[in-house]
Amino acid sequence: MIENNLADLIQNGLRRAIDSGHLKTALPRTIEIERPREKSHGDWASNIAMILAKEARQPPRALAETIIEYLDKPDYLAEVEIAGPGFINFRLSSKWLSDSLTQICELGDAYGRSEVENPQKIQIEFVSANPVGPMHVGHGRWAAVGDSLARLLAAVGHQVESEFYINDWGNQMRIFGASVAARYREIFGEALELPEDGYQGHYITDIAQEIVDTDGDKYLRLKPEDQSAEFSKRAYKQVLEHIKKTLVAMDVSFDSWFSESTLHERGKLSESMEFLDQKDLTYRSEGALWLKTVDFGDDKDRVLMRANGEPTYFAADIAYHREKVERGFDKLINIWGADHHGYVKRVQAAMTAMGAGENRLEIIIGQLVNLFSGGKAVRMSKRTGEMVTLDELLADVGRDPARYFFLMRGTDTALDFDIELAKSQTSENPVYYVQYAHARICSILRHAADQKLTPIGKKANFNLLAHESEMALMRELADAPSIIARAASARAPHRLTKYAQDIAAAFHQFYHQCRVVSDDEDLSFARLTLVDATRQVIKNVLWLIGVSAPQKM
RNA sequence: GCCCUCGUAGCUCAGGGGAUAGAGCACCGGUUUCCUAAACCGGGUGUCGCAUGUUCGAUUCAUGCCGGGGGCACCA
């Protein structure tokens, strides 16, 4: 990545300046290379002279001059200048731009990927929707964000595993089963008696009906408790299948599905509680077993085992996270909805209590999704009168717009999802804007093929690409590795949507100013290569977003 | 009350210790004998919520306040 090259360049220059005695300062550990906001300030800039000024006892501008004197002049640099209060501005040469074009052609689908300095084994857990009902729209956001983040982290060289945690144990499963049982009996004419906190949704009746359809009334003979037990198992499987189907529709896949029940079955809960007990981190009070989470930064201590002998969800989560650590991940990333943020401190406290290390667990709290249609909030589905499900949204707007829209905002901002906009096939809709650029390029390439021209890099003379819009497009394309790397380290896949739009804009501008296929064969080849490279980069970025790159629209 | 998060253009938002703070939409006007007009070009807006602090430099970091959203179970 170019930033690293520039940082090394300065580092080497500084070393020589220090060795020669012209500079009296310690060698800084890191050199910041930033992108100036103002284009006239060059492609990249360093503030190192201002940083070192105090220690070196020199005014920043003079110091910058000294540094520049000792700098190498690699061929990728066109110009180095001092500006403003002491910035060192770099302008890249056209050779650098054409080199990156060559690179795009050579690397193809791999262009934009990179290798982080310290590759980690990362597990990312997201969605983990409770298997007691259909996924709602918020789950869709975490599916889109989580899947994209997983792709992003892998693209910069981490070893990534995605996981869906299935809460298939405990009270909610009992209530779920009892709810289905109540609906089942209702179908056979009994009065409806939903359990306390029972599930209300219409899908419960659907599940009950399905049981009636396949097995008839044979469960009526069972006691209600046995019906509930039977149905919770059965209905849970059904719901989980449904969840999996919805995720497939979103093109989101998980490397592993982890069942909470297996923790209980394998004695993992008592194991972790014993572990914490041995470290003297638990105590009994009011009949319950508590974990001293306050000692690790929580607001109050938390219950592990209720007075009635039942473990809490928190206890299961501790066992689960302990299990994850045992599986050898360097980093655990959890994506949770904002409604779970109050839970963060205690889980982090538990991680510390278990000695898992300060930064082992990273919890991304995502704000909620609000549906809008034509400026009006949409809360309930017109069809069912209940919460709009993710399935309904996907059926309505389609996968590509859904994934793109879910990704458009940073996770810590609430997302207003405009259904009408997502459906509209106009320039207002960013997903179409980007896809249209890709389709348009494919069309140009088809046209060129008809003219017996094909974009083969070898024959292209990139020096011919000197138009301002060509340069701008090349600069945009050359940015991919650093944009992707920064998006990954900031856990900010939404930046990809902005980048995709930037490339598309640069391309559309170029298209209107430069004719690709013309009588000038050399120029045509050069431009076809540029256009093909643009196609490749858009495709790669859209892949990271999880959106298709259509050949025709 | 406590905790988290947001507050940037008319609207939706991006950005982020630096040099003149960006994009899309909306609004007005223009572009097609030519590779996709789902496109492009031109036109203008900001006390970056307020205050204090840290810094050579703060819209960005810290603290407080104000305002929006969310959360504060022996629920999951």
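How many of the nine residues of helix H14 (residues 399-407) are buried? The views below are of a predicted model, in which local features need pLDDT of at least 70, side-chain atom pairs count only at pLDDT 80 or more, and totals for chains, interfaces and linings use all residues. Residues are numbered from 1 along each chain as its sequence is written, chains are lettered from A and ligands numbered from 1 in the order in which they are written, and side-chain values use heavy atoms, without hydrogens and water.

**View 1. Helix H14.** Eight of the nine residues of H14 are buried (under 20% relative accessible area, with exposed over 50% and partly exposed in between; 1.4 Å probe, protein chains only). They are Asp-400, Pro-401, Ala-402, Arg-403, Tyr-404, Phe-405, Phe-406 and Leu-407. Helices (H or I, at least four residues) and strands (E, at least two) are DSSP runs, numbered from the N terminus.

**View 2. The largest nonpolar core.** This core (buried Ala, Val, Leu, Ile, Met, Phe, Trp, Tyr and Cys residues joined through side-chain atoms within 4.5 Å) has 140 residues, and Phe-90, Phe-176, Phe-406 and Phe-417 have the most contacts inside it. Helix H20 (residues 521-545) gives the most to this core, with twelve residues. Apart from it lies another core, of 29 residues, including Phe-314 and Met-351.

**View 3. Ile-122 in strand E5.** Strand E5 (residues 121-125) holds Ile-122, which is buried at a relative accessible area of 0%. Beyond four places in sequence, the contacts of Ile-122 (heavy atoms within 4.5 Å) include Leu-153, His-158, Phe-329 and Ile-333. The C-alpha atoms of Ile-122 and Leu-332 are 5.9 Å from each other, although the two residues are 210 apart along the chain.

**View 4. The surface near RNA strand B.** The surface divides into 24 nonpolar, 21 polar and 17 charged residues. Of the RNA strand B atoms within 4 Å of the protein, 62% belong to sugar or phosphate and the rest to bases.

**View 5. Backbone atoms beside RNA strand B.** A backbone N or O atom of Glu-286 lies 2.9 Å from a base nitrogen of RNA strand B. For Tyr-313, a backbone N or O atom is 3.0 Å from a phosphate oxygen. A polar backbone atom of Asp-412 lies 2.9 Å from a sugar or linking oxygen.

Note on methods:
A residue is near a molecule or strand if one of its heavy atoms lies within 4 Å of it. A polar contact is a pair of N or O atoms within 3.5 Å; within protein, one must be able to donate a hydrogen and the other to accept it, and residues adjacent in sequence count only if both atoms are side-chain atoms. Ala, Val, Leu, Ile, Met, Phe, Trp, Tyr, Cys and Pro count as nonpolar, Asp, Glu, Lys and Arg as charged, and the others, Gly among them, as polar.
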